[in-house]
Amino acid sequence: MTSPSLKRSLACLWWVLMAFLYLPLAVVVLFSFNSINSSALFESFSLRWYERLWGNEQIMASLGHSLVLAIISSVTAVVIGTLMGYGLYRHRARRLGWLIVLIYLPIVMPDIVFGISNMTFFVRISSLTGWLSPGLGTMVLSHVTFQIPFVALIVYSRFVGLDATLFDAAKDLYASPFDRARHFIVPSIKPALVSAFFLSFTLSIDDFVISFFTAGPESSTLPIYIWGAIRKGVTPEINAIASLMIAAVAVAAVISLAFTRSKGSDASR
Amino acid sequence: MSKRPFERSVRQLRFRETRHLLLTTLPGAFWIVLFLVLPSLYLVSMAFLTNGTYGQPSLPLTFDAFRQLAGFGFLGWSPGNLYTLLRSLWQTVVATALVVVIAYPIAYYITLCRQSLRPIMLLLVVVPSWTNQVIRAFGWMNLLAPDTPLSNLAQSLGLIAPHMGLFPSSFAVTLGLIYNFLPFMVLPLYAAFEKLDTTLVEAARDLYASPLKAFWVAVFPQTLPGLLAGIVLVAVPAFGMYVVPELLGGGRSLMIGNLVASQFAGGSNWPYGAAASLLMLVATLLGIFLLRRLGRRAGGGEEVVI
């Protein structure tokens, strides 16, 4: 049906797109090995920016904040979101319109409005009560808010994929709800729990805008540090730390490819 | 007269079901209400307050912030904010249109390739969007800066003035938006193309339809649900974009998200910023509502994601 010439020009377009998608990242990686502090002229290969990374306490502290924030918020969101996904599934026959609206709200809310509403709210609460002053704590609260919907939707769709009669069988088999959860529900949605955790983790690590507005002076994450360095124009190590983050994404991509290969399912998240 | 035991047990069951629903969904619902709905209401209410002496919102209730947003200041009316709003809309429309034009052939090309290659190709399209958006914008800053190959090429073609870079500019902002959101259009379009009924296309070609006509009558209607889903995923976040205009636009190509942020950071006029946020929220919800209605009419039904 498709003529060979059309297919050839489509293939051309594909390679142009690949260049477009990967060139900006390649430039960052290339200049991270530059021996001089320039992003226009490549002089010679050197690892000096990577060596300077380890000595930069601010970068190391921001990396720590990013990881702590991502892990704590993801674990919290998986617990709360899984409960919610299960509730949505068990009671799907009821009209849950208000709940659906509530779940989609964090997804459709513009990041900037989300971040600023949280900032003003936390600032107000802390000036009234002394609690919730901006810092890692408030960032965890905000991150969990945008992670819950994704966890709930992933878990919900996994439940929908299960055979509904299994639930009746489990009810006959295990008397207490706790036993049912431990021996039937959790094991059967394990893949969904794993992917919900990793998606939450990625969302948290990737987030800049919401973190930027809810962060305190001592809790900047890696993207916030990079943002500040770019704005101030002092960026020698930025290429190096950015390259390491790109490398982490590449590793994640390979793992996810291996995962989909072994399961033979589709690659769309 | 006492209730029959049967009725009592039905009521008991209903009570237990409701309790189960509340126990499972209430923690999450409560979390979202407490940390998103209440803060948003607080922010929106701030739009109706007066800007105090120290940039803090205070009573009395006024519409001053909205007047300011419409462009009325101390020196009479100025079109600055209107331009920002129009620029945001324009950038969103242009970037979305270009993303559609690029994503259609790409999504189609992926379906032409071998089954075993397709997951890898989709992954290759998606992977750049997994890197942090600040880093992606930084990459473009490096690529488009003055005295880089691309900027020199544009100079020799006479597109930009000598010793200027392609960045900062509104062109760089459009490019950044396309770069950010392209995958969100390719994925739903690919899903639509994969299910495409090709016999319709063949029938159109057999009836001597031109390729363009065949696309219009046989392909476009079938991929419309995917397209609309893609537009929701691209246009809505593009309209509220903060990072790309801030880094790649360089002060002259700001969008409404930057207007909001500047009132809370440097400008410190919270009611004014809150009024702009309210405008953004209304525009976003309106956009989603309109696209959903369009999707229903096109018969998309469940495929329109949001």
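Reader: What percentage of the 269 residues in chain A is buried?

Author: This is a predicted model, in which local features need pLDDT of at least 70 and side-chain atom pairs count only at pLDDT 80 or more, while totals for chains, interfaces and linings use all residues. Residues are numbered from 1 along each chain as its sequence is written, with chains lettered from A and ligands numbered from 1 in the order in which they are written. A residue is buried if 20 or more other C-beta atoms, placed from the backbone, lie within 10 Å of its own. Of the 269 residues in chain A, the buried share is 39%.

Reader: How many helices does chain A have?

Author: Helices are DSSP runs of H or I with at least four residues, and strands are runs of E with at least two, numbered from the N terminus. Chain A has zero strands, and its count of helices is twelve.

Reader: Which helix supplies the largest share of the side of chain A that touches chain B?

Author: Two residues are in contact if their C-beta atoms, placed from the backbone, lie within 7 Å. In contact are 71 residues of chain A and 64 residues of chain B. Helices that each supply at least two residues of this side of chain A include α3 (57-90) and α12 (238-263). The largest share, 14 residues, comes from α1(A).

Note on methods: Buried ≥ 20, exposed ≤ 12 C-beta atoms within 10 Å, placed from the backbone.
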